[in-house]
Amino acid sequence: MTRSRRTVLSTGAVALPLALCVALAGPAHAGEQPNNSQGSNTEQSGGSDGTGIYAAARITYSGSVAEGGGRGNVVSADVNWTPPPCWYAPYLGAKDFKKKMSADIEGQMSAPGMGGHAGAALSELQRHYEDDYGWADTPGYKDYNVEKDGEGMFWAAVENPDEPDLLKRNSCNDLPFWVDNGDAPPPQYEEAITPEILAALAYQHMELPDTKVSLAPEGTTKVNLPTWAWLDKAVFDEVQATAAINAPGFALQATTTAKPVSLTLEPGTKDAETHPASGQCTINADDSIGEPYAKGKAAQTPPCGITYLRSSGNGTYDLQATITWEIAWTGTGGAGGDMPDGTFGSTQAVTVQEIQSVNR
C-alpha cells in the first residue's frame, strides 16, 4: 500500500474521526492527566498486570511543582511560547493492547447502524493490527504483535489537559504504533516524547515562590519620601522542577531550572517615580536585589525603590512586584538548552500619606 498513514482511514468524512476515537478512546491516552500532582512529588503511575508490562507509562513530577495537577504560576515572557499541546508516549504491551483495541473495535462494529464508510474504516483498522495491513511508512501488525509481547510497547497519543485549543490538543492523531524496547520511535512521529518535551512540561507545572518584597517604610509611606525595596539572597534562590517517564525499555527525564535575575516594580499609580527609572532592579553580585534600608539613608535615592508623588487618600496603591527568572533545562543523554524567561508577580498594598506640617 502507498497511502499515507494519516489518510488510510479516510474512506469517508465520518469514518476517520470515528476510527481514531476507537483507537484512542478512554484511558488509552498515556501520560498526562488532570489532578495528577501532590505538591513537590507528583506521580502519574501506571498499572501493571503482574508481568512487568505496564498498562500506561505516566509522567512523574518532582521538585517545585503545583499542587492539584494544574499549571504552575510561571508566565512565559515569550508570548509565542506554549507547552506542547500533545505528544506520543508508551501506552500498552502487545497483549494488553490487543485486549483493549480488539474489544473497542468489536464494540463499535456491533453498534446499531454501523456500516458504510464508518464500517469500512473500522475494517481497515482491524486489518492493520490483525492482518499485517500497512501503508507508506507505517507497517501493519500480525495479531497485534503478540509474539513480541515484553519486547516493546505500543505508543499512543497524549493530550495536554491544560491546552485550551481543542484542535491543537487533538493534533497528535496518528494511530498507536509499536516501538521495540531500547529503540527510538520512528522519525515520522515528530511529537514522540523527548527530554525537551518533558522539560517544557516541567516548565508548565513549575511553581515559583510567592516572595514578598521588603519595603522601608513598610506598608505606610509619605509623599516624596523614597521607599526602599529589596530581596535578600536567602529568599531568592533558584527553583527546579523535574519531569520523568519510565516504561519497560524506555526511560527519560528532564529538569527545568529557574534562576532569578531581576525585579520589576510597578507603583500602582502614574503619580510615582521608580528607582531606577526603568523600574527594573537587577541582581547584585551576592544574588540579592536592591539594598536594605539603614538609618540615616532617608534622604538618599534607593538603588531599588519608589517615590510616591501623591497621597493614596483613603485607599491604597497596589504595588506590583514581578520577578523575572532565567530558565534552562538539562535532560537524559546530556540534552539541554535555554527556555523563555519566566515571570511571576505579587501585589502589596501601600498607603501613601501627606506629610503634615504645623504652623505656629
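Biologist: In what sense do strand S8 and S17 pair, and over how many bridges?

Modeller: Before that, a word on the source: this is a predicted model, where local features need pLDDT of at least 70 and side-chain atom pairs count only at pLDDT 80 or more, while totals for chains, interfaces and linings use all residues. Residues are numbered from 1 along each chain as its sequence is written, and side-chain values use heavy atoms, with hydrogens and water left out. Strands are DSSP runs of E, at least two residues, numbered from the N terminus, and two of them pair if DSSP finds at least two bridges between them. Here S8 (residues 220–222) and S17 pair in the parallel sense, over 3 bridges. Thr220 has Thr351 as its bridge partner in S17.

Biologist: Which strands pair with S17 in the antiparallel sense?

Modeller: S3 (residues 75–76) does, over 2 bridges with S17 (residues 336–353), and there Ser76 stands opposite Gly342. The S16–S17 hairpin has 4 residues between the strands, and Gly333 takes a positive phi near 80° in it.

Biologist: Now burial: is His275 buried or exposed?

Modeller: Buried means under 20% relative accessible area, exposed over 50%, partly exposed in between (1.4 Å probe, protein chains only). His275, in strand S12 (residues 272–275), counts as buried because its relative accessibility is 11%.

Biologist: What does the side chain of His275 join in a polar contact?

Modeller: A polar contact is a pair of N or O atoms within 3.5 Å; within protein, one must be able to donate a hydrogen and the other to accept it, and residues adjacent in sequence count only if both atoms are side-chain atoms. The His275 side chain has one of 2.8 Å with the side chain of Thr307.
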